[in-house]
Number of protein chains: 4
Amino acid sequence: MKIGFVGLGQMGGAIARNLLKAGHELTVWNRSAGRADALVAEGAAQARTPAGAAGGDLVFTMLANDAAVEAVTLGTDGIASGRALHVGMSTISPDLADRLAQAGRYISAPVFGRPAAAEAVKLFVVAAGDPAAIDQAAPAFDAIGQRVFRVGERPSLANLVKLCGNFTIMGVVEALGEAMTLAEKGGVAKQTLLEVLTGTIFDAPVFHVYGDIIAGDKFRPAGFAAPLGLKDMNLVAQEANDRRVPMPALAAIRNHLLQGIAKHGEEIDWSVVAKVIAENAGA
Amino acid sequence: MKIGFVGLGQMGGAIARNLLKAGHELTVWNRSAGRADALVAEGAAQARTPAGAAGGDLVFTMLANDAAVEAVTLGTDGIASGRALHVGMSTISPDLADRLAQAGRYISAPVFGRPAAAEAVKLFVVAAGDPAAIDQAAPAFDAIGQRVFRVGERPSLANLVKLCGNFTIMGVVEALGEAMTLAEKGGVAKQTLLEVLTGTIFDAPVFHVYGDIIAGDKFRPAGFAAPLGLKDMNLVAQEANDRRVPMPALAAIRNHLLQGIAKHGEEIDWSVVAKVIAENAGA
Amino acid sequence: MKIGFVGLGQMGGAIARNLLKAGHELTVWNRSAGRADALVAEGAAQARTPAGAAGGDLVFTMLANDAAVEAVTLGTDGIASGRALHVGMSTISPDLADRLAQAGRYISAPVFGRPAAAEAVKLFVVAAGDPAAIDQAAPAFDAIGQRVFRVGERPSLANLVKLCGNFTIMGVVEALGEAMTLAEKGGVAKQTLLEVLTGTIFDAPVFHVYGDIIAGDKFRPAGFAAPLGLKDMNLVAQEANDRRVPMPALAAIRNHLLQGIAKHGEEIDWSVVAKVIAENAGA
Amino acid sequence: MKIGFVGLGQMGGAIARNLLKAGHELTVWNRSAGRADALVAEGAAQARTPAGAAGGDLVFTMLANDAAVEAVTLGTDGIASGRALHVGMSTISPDLADRLAQAGRYISAPVFGRPAAAEAVKLFVVAAGDPAAIDQAAPAFDAIGQRVFRVGERPSLANLVKLCGNFTIMGVVEALGEAMTLAEKGGVAKQTLLEVLTGTIFDAPVFHVYGDIIAGDKFRPAGFAAPLGLKDMNLVAQEANDRRVPMPALAAIRNHLLQGIAKHGEEIDWSVVAKVIAENAGA
């Protein structure tokens with residue numbers, strides 16, 4: 001297929017590369033042009049505007065926040081002016097997803113997985129929107145991930161599921177952070193507790209990946225930076241507010257993210273939540 | 001081996017039966033005698049005092065709380081007066097575990113798993129204490145569970161790990177409860193969210209088991225009753241207090257347990273935490 | 001002075017009336033025109049647009065939220081096109097206050113006090129902005145309140161102080177709600193606890209006013225409706241987020257407001273926070 | 001009257017001195033004897049056991065915790081063996097108060113006020129128990145405080161009210177701490193915010209006293225040490241647990257006390273809660 005790709009960050013770059021490797025005809029656009037060089041060297045075309053990447057069958061967007069997606073889609077020479085089906089992978093607000101769907105052909109398809117999973121074609125895609133449109137994008141999804149979940153016909157439902165997933169990751173990090181700090185102050189090494197947990201009923205990637213980061217103090221370099229994590233948790237909070245859902249664990253997580261950023265800067269992984277918990281205990 | 005078993009509740013009864021099935025010579029004691037009838041019919045002897053169950057190689061205790069364990073161990077005709085190695089499986093305070101170890105030969109060996117896992121010989125045993133004593137108990141552990149974790153030579157460390165594990169379960173329940181409530185109020189069925197989660201990076205028994213309870217509203221009958229869960233979380237809080245560890249997710253969980261018991265009584269599962277979250281959102 | 005007044009709700013109406021009583025020449029505007037009738041009968045002129053109320057010396061705005069203030073100020077025929085000094089009394093975001101100051105002559109002057117205090121000329125005015133402009137508005141402040149606090153030359157500082165004050169009110173309500181519920185479940189009447197508190201070191205209006213509401217279950221009619229309170233707490237949360245300030249009591253309050261609105265509707269007083277606390281305890 | 005006084009710490013010493021000044025015949029006892037020297041020099045007798053201070057009309061106890069009160073009352077040569085009416089001023093658990101009442105003539109009479117208020121005869125006494133017994137103690141209360149509140153005939157009710165009061169103080173400190181940190185990071189000095197608050201609807205000693213400590217960073221020397229504050233909040237939490245009352249603001253406060261002690265040691269004032277809030281914001 002002729003595929004456009006807008007947003008060549010850590011995740012977007014890896015995904016775009018896999019589309020290219022799978023034989024798709026790729027046109028890329030990124031706000032800061034240098035990001036595209038490697039992909040162009042590998043065979044991608046480079047568009048001069050977002051619209052220039054939206055002339056084929058599909059155009060993916062993978063950007064940092066609502067404002068960026070809105071700008072490349074609805075702005076001058078934006079994606080909405082192209083004929084391609086817009087496949088939004090960014091973690092954006094459900095509200096924006098629904099607005100994008102009113103501006104043109106659009107499905108939401110956020111993914112689960114960190115950069116290493118993206119490179120290894122092991123992402124999970126959560127798709128929502130018109131079923132025929134999802135069918136159209138399916139070959140591209142095959143090239144970038146291991147499985148597609150379809151969660152509804154309203155695009156924003158995929159974004160809501162993605163937000164719930166990211167919140168659940170943070171819920172695990174918060175619980176692990178508190179448990180490991182307590183264990184360590186009581187004489188049990190973090191690694192020992194982690195082995196018991198992942199050796200029993202907690203044997204899932206989310207515990208392995210984040211448990212390893214926490215036990216090994218591997219908060220840098222960030223796989224997913226704390227300000228991005230905070231942005232996502234703020235989107236969750238916005239949904240919780242609009243739908244009147246009290247979420248006290250979310251509140252604890254957001255406060256720990258704020259503290260983590262205030263004390264460790266913007267370049268640390270969002271699992272800094274666990275680091276803050278340890279620090280607050282004087283550990 | 002000659003094994004005594006004190007405490008024939010839902011968990012203890014299932015474990016004792018497996019010891020009997022494995023060919024061990026079993027003597028049981030329970031405060032309310034009727035609980036022993038079925039096991040006696042299957043070949044167990046019945047002691048008249050806790051000490052009467054402590055005359056062989058090992059004596060297990062599986063009781064509801066510190067007070068019960070203290071009574072059967074250190075009270076008149078208590079286990080401490082017998083010659084058997086005391087293997088404590090109850091979820092008790094680390095403090096009591098260390099006191100039991102001063103009163104006689106004692107190791108802590110709490111387990112992970114609900115009644116169904118106990119029946120299926122799928123428990124996980126977390127053992128701490130003198131390594132030679134753990135070796136001595138190993139054949140019995142083989143008869144009741146699938147794996148033993150050794151976490152240290154001070155018995156109380158196993159109890160601390162157990163408490164951290166139970167807290168982490170509740171951390172997952174809290175996160176799932178908040179996420180599922182938000183998803184449902186936003187138009188995504190709880191079951192759909194659960195399928196995405198367990199189909200991706202959350203594919204572990206703790207998510208399957210508790211996700212199924214929450215999505216299916218299966219809070220009764222209790223696999224583990226809310227007041228017992230609250231007792232455990234209070235033990236965690238006591239440790240957190242003594243060791244100066246702020247634990248905000250623990251606080252949210254305890255408040256939800258209190259609310260759950262206040263509104264739904266003492267007979268509901270400890271995952272009522274998730275039910276309360278939904279109710280507070282008017283869901 | 002020639003004074004315009006935009007926004008004739010419960011608070012705005014009472015304030016406008018006091019300006020009229022003090023002899024000022026008043027021109028009013030309200031989105032729904034009926035609200036102005038009583039004041040017009042008492043001598044006020046009625047403008048056809050917000051700009052029509054901004055042709056004199058001062059123009060006050062007292063509206064529900066950022067969007068409303070932005071619309072009447074920066075929209076077509078807005079206040080910013082008039083020559084009057086704009087005195088913003090609404091509880092709006094500090095960000096908007098600074099933008100209003102860029103659009104024309106503007107000071108922020110939010111007030112503390114509920115409708116009864118407004119009627120009794122007992123409001124407290126918190127003013128920030130150009131000192132000469134505050135001097136200009138001083139005679140009008142005298143007509144509506146008992147005291148003016150000057151907190152800085154950047155208008156938004158007054159809004160920040162106002163938000164901090166409203167948050168502190170809610171902090172008191174949260175604490176009173178938890179304390180009274182505990183006391184009552186333990187056998188001490190809410191009123192008895194309140195008498196001890198207000199008779200000792202808690203002898204301030206905030207404890208008398210909200211203690212009386214809580215002890216007397218006087219959550220309706222709302223003096224300040226829960227959705228408005230939630231709006232304010234969300235503005236506080238936005239500031240806390242932008243400035244990286246973890247605020248766990250704020251989180252508890254927002255969750256209780258969400259629950260209160262979810263269960264009791266939009267017409268209840270923001271002190272519903274205390275009602276929710278009692279309900280969660282099964283009281 | 002012939003009055004005994006047991007417990008000559010910062011508070012107890014000041015109260016005992018006022019009894020002596022008022023002309024009462026005083027016999028004192030303290031675990032570490034040196035504490036009594038000054039009072040003996042001023043005319044007090046010194047007993048050799050707690051019982052030795054319990055031979056007159058009244059015997060006051062003012063001690064750090066349940067264990068200390070239990071030891072001097074129910075232990076060998078304890079107060080319960082004397083004929084004096086026991087007037088318990090310590091902040092103890094309601095449970096212990098009721099047990100003391102079963103061991104002899106006993107009323108609870110905890111006080112509100114810090115050491116400076118004790119010296120100035122400005123304490124508030126909260127009394128509960130047999131009305132005739134409270135009448136008997138009334139002249140002594142007149143010598144030490146400005147007002148007596150009678151809250152019921154079961155002694156423990158006074159202790160519950162005292163705990164609720166201390167919790168409400170901490171609720172104010174938590175709210176002030178969060179508000180002042182937000183204000184300061186936004187450009188408003190803590191002192192400025194405090195002046196607005198105490199100049200409006202927050203004009204009560206609790207805001208003046210704690211606001212001054214927080215704004216002036218006067219956390220040392222402690223008027224009431226953080227570990228004692230934590231002990232009290234733990235007693236509140238025990239009541240909340242037993243009576244099934246979710247208290248999220250209490251949870252935030254306890255976590256901040258734990259963090260404060262973990263990072264600043266045991267000698268800091270319990271208002272360290274506000275210091276921790278500022279630190280967590282990187283302020």
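A polar contact is a pair of N or O atoms within 3.5 Å; within protein, one atom must be able to donate a hydrogen and the other to accept it. The exercises below use this term for a predicted model.

**Exercise 1. How many residue pairs are in polar contact between chain C and chain B, and which elements of chain C give two or more residues to the side that touches chain B?**

Solution. 
1. Between chain C and chain B the count is 2 residue pairs in polar contact, both residues being at pLDDT 80 or more.
2. Helix 11 (248-264) and helix 12 (272-280) of chain C are the elements that give two or more residues to the side touching chain B.
3. Helix 11 of chain C gives the most to that side, with 3 residues.
4. By kind, the residues of this side of chain C divide into 2 nonpolar, 3 polar and 2 charged.
5. Salt bridges between chain C and chain B number 0.

**Exercise 2. What area do chain C and chain B bury between them, and which residues of chain C lose the most area to chain B?**

Solution. 
1. Begin with the residues in contact: 7 from chain C meet 7 from chain B.
2. The size of an interface is often given as the accessible area lost when the parts come together.
3. For chain C and chain B that area is about 490 Å², with 44% of it on carbon and sulfur atoms.
4. On the chain C side, C:Gln259, C:Lys263 and C:Asn280 lose the most area to chain B, and together they account for 64% of what that side buries.

**Exercise 3. Describe the contact of chain A with chain B: its area, its pairs and the elements of chain A that supply it.**

Solution. 
1. The contact takes 58 residues from chain A and 58 residues from chain B.
2. About 4,700 Å² is buried between chain A and chain B, 80% of it on carbon and sulfur atoms.
3. A:Glu178, A:Leu182 and A:Ile201 supply 15% of the area that chain A buries against chain B, more than any other three residues.
4. Next come the pairs: the count of salt bridges between chain A and chain B is 0, while 8 residue pairs are in polar contact, both residues at pLDDT 80 or more.
5. Several elements of chain A each supply at least two residues to the side that touches chain B, including strand 8 (123-127), strand 9 (145-150), helix 7 (156-185) and helix 12 (272-280).
6. Helix 7 of chain A provides the largest share of this side, 18 residues.
7. The residues on this side of chain A divide into 37 nonpolar, 11 polar and 10 charged.

**Exercise 4. Where do A:Arg150 and A:Asp135 lie, and how far apart are their closest N and O atoms?**

Solution. 
1. The closest N and O atoms of the salt bridge between A:Arg150 and A:Asp135 are 2.6 Å apart.
2. A:Arg150 lies in strand 9 of chain A and A:Asp135 in helix 6 (residues 131-144), so the pair ties together parts 15 residues apart in sequence.
3. Relative accessibility is 45% for A:Arg150, which counts as partly exposed.
4. A:Asp135, at 46%, also counts as partly exposed.

**Exercise 5. Is C:Glu239 buried or exposed, and where does its salt bridge partner C:Arg243 lie?**

Solution. 
1. The side chains of C:Arg243 and C:Glu239 meet in a salt bridge at 3.0 Å, N to O.
2. C:Arg243 and C:Glu239 both lie in helix 10 (residues 226-243) of chain C, 4 residues apart, about one turn of the helix.
3. An α-helix has 3.6 residues a turn, so residues three or four places apart point the same way.
4. Buried means under 20% relative accessible area.
5. At 3% relative accessibility, C:Glu239 counts as buried, whereas C:Arg243 is partly exposed at 26%.

Technical notes: Residues are numbered from 1 along each chain as its sequence is written. Chains are lettered from A and ligands numbered from 1 in the order in which they are written. This is a predicted model: local features need pLDDT of at least 70, side-chain atom pairs count only at pLDDT 80 or more; totals for chains, interfaces and linings use all residues. Side-chain values use heavy atoms; hydrogens and water are left out. Contact means heavy atoms within 4.5 Å. Buried area is the accessible area (1.4 Å probe) that two parts lose on being put together, summed over both. A salt bridge is a side-chain nitrogen of Lys or Arg within 4 Å of a carboxyl oxygen of Asp or Glu. A polar contact is a pair of N or O atoms within 3.5 Å; within protein, one must be able to donate a hydrogen and the other to accept it, and residues adjacent in sequence count only if both atoms are side-chain atoms. Ala, Val, Leu, Ile, Met, Phe, Trp, Tyr, Cys and Pro count as nonpolar, Asp, Glu, Lys and Arg as charged, and the others, Gly among them, as polar. Buried means under 20% relative accessible area, exposed over 50%, partly exposed in between (1.4 Å probe, protein chains only).
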